[in-house]
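Colleague: I have a model open and would like to go through it with you. Can you take my questions as they come?

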Amino acid sequence: MRIRIQVSTATVQALHTRLQQAYQHDDVRLVRRTTVLLDLLVHHMPVEVLCEQWGLSPACIYGWRQAFLLRGMDSLVYRHGGGRRPKLTAKQKKRLVELIEAGPLVVGCETACWTSVLIRVLIWREFGVLYNCQYVCTLLHNLGFSFQKARLVSDHLDAARRQHWLQQEWPRILRAAQRQKGLMLFEDEASCAQWGSLSDTWARRGQQPEVKTSGKRKGYKVFGAIESFSGRLFYQGIEARFHAESSQGFLQMLMGQTTQHLFLIHDGARYHTSAATQAFLAANRHRITVEPLPSYSPDYNPTAIVQPNPSVHFWG
C-alpha cells in the first residue's frame, strides 16, 4: 500500500529557498537531493521514475525521504564535497547579482544590455576572477538569470505623477462615471501601413529576387475607443493625417452613437490639446468630459496595449 505524504505550503517554500541557496553555493549534490525531494513529496512522482531520471537507487531516495521526515530542513545542509572550490564566494555572488540588477550603465558600461562578455569583464574587474564565457552563462542561470529580449520604456516617465493618477485620478473618474451612469472611454489612434514588408522567399541560388514597390508610404489611420465597463469598441477610419478636425469628427461620431455622458480618457497628442479641439470640447461639455492620461503612459490605456499586427503602429 502506497502512503502519500502531504507537506505544508511553508515547507514547500522552505524547500524552494534551500534549492536556491544550493544553486548559489554551486552544491550540485544538494541541488539534486532537494530537487528529488520536491518531486517526491510535492509533485508525488513515483520513486521508479526518479531513480531512472537521476540514476539513483530506491534505497537512496527512501533514505533521503526518511532523513527529511525525521530532521526536516536540517537534513539539507550545504557540505563541500571535495574537488575545486567555487572561484566566487557566496558573498561575492550576492554582490554580482546586485551589480547585474543595477544595469550596465550604472557600472560604467556604454550599453543598457548585458552580454556574457560584459559580465565576464565585470567579474574580472570586481573580483579578479576570470571565467570562460560559456561558464558565465551557466553561472548566471544558477543565479536566477535568463537571456531574454529587453523592452523599451521612456526615460521621461514621471513615476510620482503616474502613481498619483492611479491612486487619486482613476478612482475619481470611476466614481464620477458610475454616479452619472456614463460611458468611460479609453481612446487612442493607430496607423496601418499600406506598403509591403520584405520576407524570405524561394529563388534561384545566386539570383536575389526583386519585389516591386511604388515608393509611396501610404497609411490608413484609425481612431478607436474602448468602453471600460462593457468592452464595447468604437472606431473610425480615415485616409488623411491625424489632426484636430479628424479628431473632432471622431468625437462627433461617438456622440452620435451614444446618449450617455462620455468620460474620455486619452493621451496628450497635439490634436487632442489644440485650441480648436479645446473649443470643441468646451462647446460640448454637457456630453463629454476629458480626462488626460499621465505623459508617456500608453500602458495605462487598454486601447494602446493590444497590437494585433506588426504593421499596425499605435501612437500615443
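Colleague: What are the ground rules for the numbers?

Modeller: This is a predicted model, where local features need pLDDT of at least 70, side-chain atom pairs count only at pLDDT 80 or more, and totals for chains, interfaces and linings use all residues. Residues are numbered from 1 along each chain as its sequence is written, and side-chain values use heavy atoms, with hydrogens and water left out.

Colleague: What is the mean pLDDT of the chain?

Modeller: The mean is 84, and 88% of the residues reach 70 or more. pLDDT is the predictor's confidence in each residue, from 0 to 100.

Colleague: Where is the pLDDT below 50?

Modeller: Residues 306-316 are below 50, and this stretch has 27 contacts in the model beyond near neighbours in sequence. A contact means heavy atoms within 4.5 Å. Where pLDDT is low, the predicted coordinates should not be read in detail.

Colleague: Noted. How many helices and strands does the chain have?

Modeller: There are 12 helices and six strands. These are DSSP runs numbered from the N terminus: H or I over at least four residues for helices, E over at least two for strands.

Colleague: And what share of the residues is buried?

Modeller: Of the 316 residues in the chain, 36% are buried. Buried means under 20% relative accessible area, exposed means over 50%, and partly exposed is in between, using a 1.4 Å probe and protein chains only. On contacts, 64% of those with a separation of 6 or more are between residues 24 or more positions apart.

Colleague: How many residues are in the largest nonpolar core?

Modeller: The largest core has 21 residues, and Ile61, Phe68 and Leu76 have the most contacts inside it. A nonpolar core here is a set of buried Ala, Val, Leu, Ile, Met, Phe, Trp, Tyr and Cys residues joined through side-chain atoms within 4.5 Å.

Colleague: Which helix gives the largest share of this core?

Modeller: That is α2, with seven residues. At least two core residues each come from α1 (9-24), α2 (28-42), α3 (47-54) and α4 (58-71).

Colleague: What is Leu76 in contact with?

Modeller: Leaving aside neighbours within four places in sequence, Leu76 is in contact with Leu15, Arg18, Leu30, Arg33, Thr34, Leu37 and Phe68. Another core, of 19 residues, lies apart from the largest one, and Ala225, Phe234, Phe242 and Tyr271 are among its members.

Colleague: On to aromatics. How many aromatic pairs are there?

Modeller: The count is seven. Rings of Phe, Tyr and Trp (its six-membered ring) pair if their centres lie within 6.5 Å; planes under 30 degrees apart are stacked, over 60 edge-to-face, and the rest tilted.

Colleague: Why is the pair of Trp165 and Trp170 stacked?

Modeller: Their planes are at 25°, so the pair is stacked, with the ring centres 6.0 Å apart. Trp165 is buried at 3% relative accessibility, whereas Trp170 is partly exposed at 22%.

Colleague: What about Phe242 and Tyr271?

Modeller: Phe242 and Tyr271 form a tilted pair, 5.7 Å centre to centre with 35° between the planes. Phe242 is in the loop between β3 (233-238) and α9 (244-257), and Tyr271 is in helix α10 (residues 270-273), 29 residues apart, so this pair links distant parts of the chain. Both Phe242 and Tyr271 are buried.

Colleague: Which residues form an aromatic cluster?

Modeller: Trp165, Trp170, Phe186 and Tyr300 form one. The charged end of Arg162 sits over the ring of Tyr300, 4.4 Å from its centre. That term requires NZ of Lys or CZ of Arg within 6 Å of the ring centre and within 35 degrees of the ring normal.

Colleague: Is Ser246 buried or exposed?

Modeller: Ser246 is buried, at 9% relative accessible area, and is placed in helix α9. Beyond its neighbours within four places in sequence, Ser246 is in contact with Phe223, Gln236, Ile238 and Arg241.

Colleague: Last topic, backbone. What is the phi of His44?

Modeller: It is positive, about 55°, although His44 is not a glycine. His44 lies in the loop between α2 and α3 and is partly exposed, at 25%. Lys181, also not a glycine, has a positive phi near 55°. Lys181 is in the loop between α8 (159-179) and β1 (183-193) and is exposed, at 70%.
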